[in-house]
Amino acid sequence: MKDAGPKLLQGNEACVEGAIAAGLKFFAGYPITPSTEIAELCALRLPKVGGKFLQMEDEIASMAAVCGASLAGLKSMTATSGPGFSLKQENIGFAVEAEIPCVIVNVQRVGPSTGMPTSPAQGDVLQARWGTHGDHEMVVLCPSSVLEAYTLTVEAFNISETLRTPVILLMDEVVGHLREKVVLPSPQELVVKDRELPAGAKEAYKPYAADQGRIKGVPPLARFGDGYKFHVTGLTHGEDGFPTNSPKVGEKQIVRIWEKIHSRRKELSRVEMLYPEDAEVFVYAYGSTARSAKRAVKEARAQGIRACLIRAMTLWPFIEDVLSDVKKKHPKAVIVPEMNLGQMVRPVKRVIGDACPVIPLNKVAGQLIEPEEILAAIKEAV
Amino acid sequence: MRKEFRLAGEGGQGLITAAIILAEACAEHTDLNAVQTQSYGPESRGGASRADVIIADEDIDYPEIKRPEALLVMAQEASDLYVPGVADGGTVIVDTTYVKSVPAVNARIIRYPISEKARELGREIVANMVALGLLVGVTKVVPEDAVVAAIVDRVPRGTEDLNKKAFYAGIEAAKELQSREEGD
């Protein structure tokens, strides 16, 4: 790849380049369309930057390997699509519970099950939030462009490392396979964050004591192999990492790993607002659908309709504050186009309430929603 | 300005590569904006294959195309399926090696034995470059040298000369066909 200047890059390629720029050193996966290029390129690129690529026997093992590699100190990632994402859920929960930083990429295709392997969908947005069991918060980022596949991958690593949590990068087939002209940020422009390592005596290290480090609610994480002896389990545990049945200790731990994300939902919120000032009709969109929505909103403006695009790059935690502000503007309608049968429309509706109609616009044909369809919905709403 | 191109045929004909090279020529060697998308079935060889390129001097929000200004068809099925969707007054480039009939449309039809020409040059696998030469020669959407630079970047080492030769054969064919049209 050329080092500087504009280049034509694919979304999946940009994700890998972003991951490597963020310090990715370990990838384990089981290739699946439409995410396969991520595994292919990791296999090619990682050995050249001192990293490791492993093709595992399946997605369950891939996610387990990612957890292990991360505990050994390496920034780790896996990539998959629908069926593989389902298989990874148990170990994603393990990463949540054991507070293991890692990035999981899901390039969405049509489901349920093996669905339509080469066609786009956005049917996994609620699974990304709630696919693994038990109470937890989840950080889910969603790019709309090739450049964002790069920048949000870097962000995914930064959030994952600083908050000791898995982060999901939720792409869709359109963004994953799209090639477009991009100018990538130079390494000097990039902010890359690393996890906090413990500072005290090795014998006194408590892997889940959250008052030891700089980041509120996040315990520093020792690298396996550095001489810190500690226990890692999916069972609810105390500060020493050993399982507990104590209601008090257990609840404290569950609340802390929820709170470390929940309390930061404002700073985790990434949103682009197009023409918010005087708008009366709003379109909440994300991923490739947001590109069609942007086109539709521009066209509506050209026709004198005061439309606004709310483009969510952070799907979870939900951008509640942004929607609350929209509600205060007395909107005529909020339209939610999605390549599913109506998933993000529910949290939007929960915030907007009865202030105005919240209108779903849905498609599960394995095709991108067209700008004209969104424009028609905007016109109908004013 | 926003121009839409569609390259359609069968898997294995190298149409996605040709589309990437066209987009790359614009993105990396001119000031134009470009996006490239594709549609293909689950098969690794054979089956319908389609690659689209949008070239613009503005932001490209919606990344897909509906009625291409220029369409290349290199298989009968692709011709049947995509020719009716070409923009009015657009251009259809037909590989007569594989396409025997073209639906009637209000567009300029350019017929050339693309794959046969590639065989003559040495290997049919460079038919995609002959086709790209025709497309660029006819539409003049991007300077030839930008495409050549993109070809050299993208094709396997050691095949640059054959690919360039095939591209220029397409450019020459476009010139000949155009001067013949003007002579009519």
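**Domain organisation, chain contact and core of the predicted model**

Chain A is divided into domain 1 (7-189) and domain 2 (272-381), the bounds being taken from an automatic or database domain assignment. The structure is a predicted model, in which local features need pLDDT of at least 70 and side-chain atom pairs count only at pLDDT 80 or more, whereas totals for chains, interfaces and linings use all residues. Residues are numbered from 1 along each chain as its sequence is written, and chains are lettered from A and ligands numbered from 1 in the order in which they are written.

The C-alpha centres of domain 1 and domain 2 of chain A are separated by 26 Å. Their contact involves 25 residues from domain 1 of chain A and 21 residues from domain 2 of chain A, two residues being in contact if their C-beta atoms, placed from the backbone, lie within 7 Å. On the side of domain 1 of chain A that touches domain 2 of chain A, two or more residues are given by each of several elements, including strand 7 (139-141), helix 6 (146-163) and strand 8 (166-172) of chain A. Helices (H or I, at least four residues) and strands (E, at least two) are DSSP runs, numbered from the N terminus. Helix 5 of chain A provides the largest share of this side, four residues.

Between the chains, 17 residues of chain A are in contact with 18 residues of chain B. Elements that each supply at least two residues to the side of chain A include strand 1 (7-10), strand 9 (179-182) and helix 9 (289-302) of chain A. Helix 9 of chain A gives the most, with four residues. The side of chain A that touches chain B comprises seven nonpolar, three polar and seven charged residues. Strand 9 of chain A also pairs with strand 2 (residues 33-40) of chain B, in the antiparallel sense and over two bridges, pairing being assigned if DSSP finds at least two bridges between two strands. Within strand 2 of chain B, Val35(B) stands opposite Glu180(A).

The largest nonpolar core has 174 residues. Such a core is a set of buried Ala, Val, Leu, Ile, Met, Phe, Trp, Tyr and Cys residues joined through C-beta atoms within 7 Å. Helix 1 (residues 15-29) of chain B contributes the largest share of this core, 11 residues. Domain 1 and domain 2 of chain A both give residues to this core, so it lies between them. Among the residues with the most contacts inside the core are Leu169(A), Val283(A) and Ala131(B). Leaving aside neighbours within four places in sequence, the contacts of Ala131(B) include Ala18(B), Leu72(B), Ile93(B) and Gly170(B).

In chain A, five strands form an open sheet of mixed pairing in the order 10-12-11-14-15. Strand 10 (271-274) and strand 15 (358-362) of chain A are the edge strands, each pairing on one side only. Strand 14 (residues 333-338) and strand 15 of chain A pair in the parallel sense over five bridges, and Pro337(A) has Leu361(A) in strand 15 as its bridge partner.

Gly50(A) is located in the loop between helix 2 (36-45) and strand 3 (52-55) of chain A. Gly50(A) is exposed, with 8 other C-beta atoms within 10 Å; a residue is buried if 20 or more other C-beta atoms lie within 10 Å of its own, exposed if 12 or fewer, and partly exposed in between, with C-beta atoms placed from the backbone. The C-alpha atom of Gly50(A) lies 9.7 Å from that of Leu24(A), 26 residues apart along the chain.

Conventions: Ala, Val, Leu, Ile, Met, Phe, Trp, Tyr, Cys and Pro count as nonpolar, Asp, Glu, Lys and Arg as charged, and the others, Gly among them, as polar.
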